[in-house]
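Here is a brief report on one multi-chain model. Read it alongside the sequence and the coordinates.

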Amino acid sequence: MTNWEWPLVFFTVLSQMAVGYLALVVPATAGGKGNHARIYLLPAGLLAAAMVISLAHLGHPENAYRALTHLGSSWLSREVLLFGLTFLLLVFTILVARAANQFLVRVTAVLALGSGLLGILASAMIYVLPARPAWNNFNTVLTFYLTAFLLGPALGLFMQRFSPGPAAGVEGSATGRALALLLVLSIISSLSYLSLLAGAGPEARLTVHALVASPWWWLRVVAGWLAPLGLSYQLYRKGHGSLALTLALLILLLAGELMGRALFYGTAVPLIEGLL
Amino acid sequence: MAYQLSRRSFLKGLAAGGALTALTAYGGLKMAPTAAGVADGYPEAAAGARVFRNVCPRNCYDTCSMLSYVKDGILRKVSGDPANTFTNGRLCVKGYTYTRRVYSPDRLKYPMKQDKRGSGRWQRISWDEALDIIARKILDIKKQYGSTLPVCLNKYSGNFDILHYGIEGMMSSIGYTTRALGTPCWPAGIDAQTYDFGTLWNNDPEDLVNSRYIILWGVNPAWTSVHSMRFLYAAREKGAKLVVIDPVVTQTASKADLYLQIKPATDGALALGMARHILDNGWVDQEYLKANAVGWEEFFAYLRREVTLDWASKVTGIPAGVIADLAREYATTKPAAIWIGYGLQRHTNGGQNVRAIDALAAITGNVGKSGGGALYGHLETWGFNYAAMTMPKPAGALGVKKPDGTMSDRFININNFGAELLNVKDPPVKMLWIACRNPLSQDPEPQVVQKAFENMDLVVTVDHFLTRTAAWSDIVLPATTQFEEYGVNASYWHYWVGINEQAIEPYFEAKNDVQIAMLLSAKLNALEPGSCTYPTGGSLEELVGKEFNQKMLDLLGIADYRELKQGPRKAKLLTAAWSDGKFRTPSGKIEIKSSEAPKYGLPALPVYVPEKQAPPEYPYRFITPHWRHGLHSQFQNIDWMMNVSPEPFVEIHPATAAAKGIRDGDWVKIYNEIGYLTLKARITATTAPEILVAYEAWYKDLDYNLNYTVKAVPSDMGKKATGNRGLAFHDNFVNIEKVR
Amino acid sequence: MGKQLGFLVDTEKCIGCFGCEMACKNEYQAEVKPRWRRVYQQKEGNLPYPERNFMSLACNHCADPACLKVCPVGAYSKREDGIVLHDHGRCIGCRLCTMACPYGAPQYNEKEGKVEKCQLCYQKIDRGEEPACVAACPVGALELIKDLASFPGPGTVKELPGFPDITITRPSVRFVPPRTGIQIRRDAE
């Protein structure tokens with residue numbers, strides 16, 4: 001219960017936010033307008049930051065390149081490959097966008113998105129381990145994608161208010177509705193997840209106990225789910241939010257997802273616990 | 001690779017220490033170049049090492065024959081010596097930590113002087129300075145009091161190597177001194193067996209395989225003699241039944257075919273109840289008794305008069321039918337062995353209970369039989385010369401005058417050390433020398449011992465670590481481990497004797513007790529010629545040679561002690577103790593009615609002496625047995641051991657825990673009128689509702705000492721053979737409450 | 001694929017003395033924290049009587065090792081004799097194997113920044129010797145199974161209460177279950 005794995009928390013949440021953002025802006029910019037180079041700088045930077053942070057998790061980051069060498073069966077190898085590829089495609093997109101090759105931009109951006117989405121799957125599959133009953137279910141995949149699709153639009157919304165322009169497709173009312181629905185899905189899926197664990201083996205039950213006993217989990221419920229839900233609904237009703245509102249929404253969601261992820265790592269009771 | 005890296009940095013540390021040592025002109029560690037690297041994989045620590053023979057000397061049944069693996073002057077690993085068929089090439093959990101003990105960062109490296117006792121302000125001093133302080137104090141004392149009687153030695157079992165009796169020799173060599181006499185461990189049982197058989201002498205434990213029925217009575221070999229378990233299992237595989245009688249479900253009890261949870265200290269009643277049932281059913285071995293015993297008629301009269309199964313059941317808490325079955329099985333399944341544990345005799349009636357069990361073995365004819373016996377321990381392989389110990393007094397030495405006009409040392413009771421130190425007068429004790437012992441941890445009432453320290457001008461402790469006692473001394477001297485010295489060891493259980501070779505150079509400035517005696521002798525004689533008779537030269541190995549006499553050589557079947565370098569030897573004793581029928585009692589027979597016991601104010605017959613009862617305000621009996629991960633205050637402090645056994649706990653029965661509102665993991669306070677301790681609760685039905693169990697140990701950084709609650713209550717016997725009665729460690733009563 | 005080596009853990013004989021665990025440390029002079037072999041005490045509630053029963057576990061050198069599968073650098077390999085080897089030189093300390101192993105066999109060494117685990121004393125095996133833990137057991141409660149496939153093991157079982165699901169990795173370990181003696185207890189009334 002002491003291992004919160006902060007580098008992994010930031011790596012997964014930030015990389016998922018980057019891909020979620022891509023998922024928002026790639027279709028929105030399909031029309032081919034705006035300064036693409038600027039749009040793709042943000043997810044590329046986020047992804048790069050995420051990957052650099054992930055190195056902090058390694059005992060020997062200097063040999064991190066070796067992580068690419070076991071693609072045959074290691075989801076971690078595949079994750080590194082896919083996120084690495086996503087990053088390279090984004091860099092390429094930025095380069096061709098400067099050269100104003102709209103077709104190539106579109107192709108590489110879509111490829112980057114595809115690679116990023118697969119990367120999230122690879123990330124999630126790393127943790128679908130029978131040795132950790134709390135992780136060994138569909139919820140892991142679902143929560144990783146939910147993180148992406150909550151944080152991506154929230155980031156997009158904020159960027160739109162902060163610096164209006166390129167991603168004009170981000171519309172307040174629709175985004176607010178989408179976020180609210182996703183949050184409801186997130187809450188419902190979490191509740192069903194908890195009841196699933198409660199009905200499973202002793203280690204899974206230990207995870208439930210640890211979660212509901214943790215003040216961080218309750219903070220996550222309030223700050224990461226309930227408060228953003230209220231803000232999203234407000235956004236949906238108003239049609240557009242202020243800079244402060246979009247910033248608050250982004251910060252709350254980000255904080256909630258980070259706490260949720262830390263709990264994900266920190267409360268996964270291994271099977272061997274049954275012997276202790 | 002991992003271990004190579006850490007090993008290298010470790011060696012660097014040692015090398016730096018070695019450089020310091022070289023500067024001090026006291027010799028010490030000879031440093032070797034760092035080990036060759038291994039590219040990857042998991043290198044074996046002892047690859048390419050030279051092998052030496054050692055013996056683990058720490059007061060244990062098993063006294064393991066060891067091999068040590070040395071490369072570049074560094075002890076790389078240890079193992080059991082397969083030449084010893086009892087220990088069978090295996091060590092125990094404690095033995096396997098030895099490399100970490102030898103190279104523990106906590107180990108004492110140099111002599112040190114403390115600013116004020118207990119202040120923790122230690123200052124490194126040279127051996128010369130340390131010995132100068134000590135020698136001058138001894139000479140001052142002699143001048144002031146006219147004798148060296150104010151110098152007191154407290155040495156016991158931290159190292160049972162024969163050469164370490166050189167400490168006693170050192171004391172003798174300066175004059176008559178005050179000695180802590182006795183043994184805390186097993187004296188009541190020793191006397192019991194001395195009254196019954198003439199001395200203690202167990203069958204070869206390897207002979208247990210020939211038993212068809214084995215009662216492990218108040219003994220927990222699964223923790224305290226792991227190598228014996230193999231023979232018990234072998235006997236079981238051949239059809240023997242294993243019965244454990246113990247107040248708590250010990251590790252050994254967990255492996256038994258039948259476990260009887262007896263009320264503590266009532267073992268005599270069980271033995272007598274069984275004897276009565278055996279008598280009533282005609283299972284007595286009359287022929288054996290007629291040929292080998294005296295006093296059995298009176299014993300039987302006592303049984304018929306005073307003992308019934310129902311009475312035994314009431315006293316012991318074991319159903320009468322179970323006692324009857326046990327008696328029948330024991331008396332009719334031959335040969336049947338009883339192993340009498342040391343825990344069983346740590347009671348105010350402990351020796352008497354052992355005598356009742358001895359009688360049980362005698363009347364069934366199980367004594368002197370292969371596969372039988374009333375096994376307690378033996379000293380048959382300890383017939384050394386004790387040359388290092390036997391020293392003449394310097395001319396003009398004065399001591400305690402005996403009625404016959406000769407002089408002797410002054411003896412105080414090791415089992416009430418603190419109080420006796422405070423009480424002893426004319427002259428008082430002013431200087432303490434403590435070696436192979438940790439009284440502030442292991443003595444009952446350590447508070448009193450600490451108080452007695454206040455009267456001392458000088459307290460010197462020789463040890464490996466800054467123990468509780470060392471921390472309360474004025475001077476600490478670093479001792480060598482067995483790997484750094486020569487020696488020879490015997491066991492009080494198995495029949496093997498082994499030589500201990502020096503495998504590595506002493507750690508930093510550590511020295512062997514005999515070397516310390518030699519240096520002190522040189523210093524004393526330099527200050528006052530003729531003040532000390534201890535020799536100042538000779539190698540430790542030569543001294544080992546001097547410990548052997550023809551009888552010992554014959555017993556081991558060797559012509560020269562050096563043959564032991566080829567491996568330990570098993571003494572050529574009778575496999576079944578007493579099978580020659582030559583008992584060493586005054587009558588030459590088993591004295592079921594003892595001629596000697598009444599001389600010590602004890603009953604002649606093994607009648608039942610009632611057990612000590614709990615006072616109402618302290619209703620829980622606090623049993624404090626040996627710990628799996630330590631031997632008294634040794635081993636638990638080693639880092640590898642702390643990793644698998646990080647903290648002490650008290651075992652509480654679920655019913656008691658429920659009554660007191662205590663949950664597993666809660667902190668509880670255990671207390672009585674003399675002290676208390678606070679520790680974690682472990683709820684387990686392996687104990688009984690009125691019994692709390694915690695294990696004696698020294699955790700380096702914890703204020704854990706269960707002896708704070710243990711009173712110096714004497715057991716009933718011990719005076720005859722060991723000089724003082726033992727300790728009723730397990731007649732200790734406390735109360736308990738939840739702290740948080 | 002050759003024969004699969006394995007461990008036989010006789011919990012009937014095992015006295016929980018921790019000798020095997022410490023002998024392992026002694027053999028490799030390992031760091032303090034990682035426990036390549038670890039002695040687990042069986043929960044009292046899993047037993048017919050309150051007793052002290054133990055299970056000594058190390059790497060189970062599984063037929064289907066999770067560590068090998070998830071390792072991103074391919075530091076794990078399985079020898080012909082079934083030993084799952086960890087290449088310490090190759091390890092980058094990502095710790096994924098420590099999460100994936102149901103038995104907690106690979107453990108992270110903070111000092112080295114790498115994972116390490118029981119290698120079944122492969123050097124000793126290659127010389128025809130017993131693993132250090134097996135050679136150290138004073139009561140013969142640990143044995144090396146030379147060929148798991150043809151291991152008859154009458155009276156042995158593949159799992160005991162508390163032992164993680166064996167279908168995950170098919171561990172190469174067999175147990176002799178504890179046997180229960182008779183206890184005459186004073187708290188029974």
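UniProt, in an unreviewed entry, lists a "transmembrane region" at residues 6–27, 39–60, 80–97, 109–129, 141–158, 178–196, 216–236 and 243–264 of chain A. UniProt positions follow the numbering used here, feature names are shortened, and annotations may be inferred rather than shown by experiment.

Two of these spans are described here. Residues 109–129 of chain A are 90% helix and 0% strand. The end C-alpha atoms of that span lie 32 Å apart. Residues 243–264 of chain A are 100% helix and 0% strand, with end C-alpha atoms 31 Å apart. Helices (H or I, at least four residues) and strands (E, at least two) are DSSP runs, numbered from the N terminus.

## Basis and confidence

This is a predicted model: local features need pLDDT of at least 70, side-chain atom pairs count only at pLDDT 80 or more, and totals for chains, interfaces and linings use all residues. Residues are numbered from 1 along each chain as its sequence is written, chains are lettered from A and ligands numbered from 1 in the order in which they are written, and side-chain values use heavy atoms, leaving out hydrogens and water.

The predictor gives the complex an ipTM of 0.97 and a pTM of 0.94. Chain C averages a pLDDT (the predictor's confidence in each residue, from 0 to 100) of 94. In chain C, 99% of the residues score at least 70. Among its elements, helix H5 (residues 132–136) of chain C has the highest mean pLDDT, 98. Helix H4 (residues 122–126) of chain C has the lowest, 94.

## A leucine patch on chain A

A:Leu68, A:Leu71 and A:Leu81 make a nonpolar surface patch of about 220 Å². Areas come from the Shrake-Rupley method with a 1.4 Å probe; for residues, only the protein chains shown count as cover.

A:Leu81 sits in helix H3 (residues 75–98) of chain A. A:Leu81 counts as partly exposed because its relative accessibility is 38%. Buried means under 20%, exposed over 50%, partly exposed in between (1.4 Å probe, protein chains only).

## Two buried loop residues in chain C

C:Gly16 lies in the loop between strand S1 (6–10) and helix H1 (19–28) of chain C. C:Gly16 is buried, at 1% relative accessibility. Its contacts (heavy atoms within 4.5 Å), not counting residues up to four places away in sequence, are B:Arg628, C:Val39 and C:Phe54.

C:Asn60 lies in the loop between strand S3 (54–57) and helix H2 (66–70) of chain C. C:Asn60 is buried, at 2% relative accessible area.

Methods. Patch = residues over 30% accessible without salt bridge, like charges linked within 9 Å, V, L, I, M, F, W, Y side chains within 5 Å. Salt bridge = Lys/Arg side-chain N within 4 Å of Asp/Glu carboxyl O.
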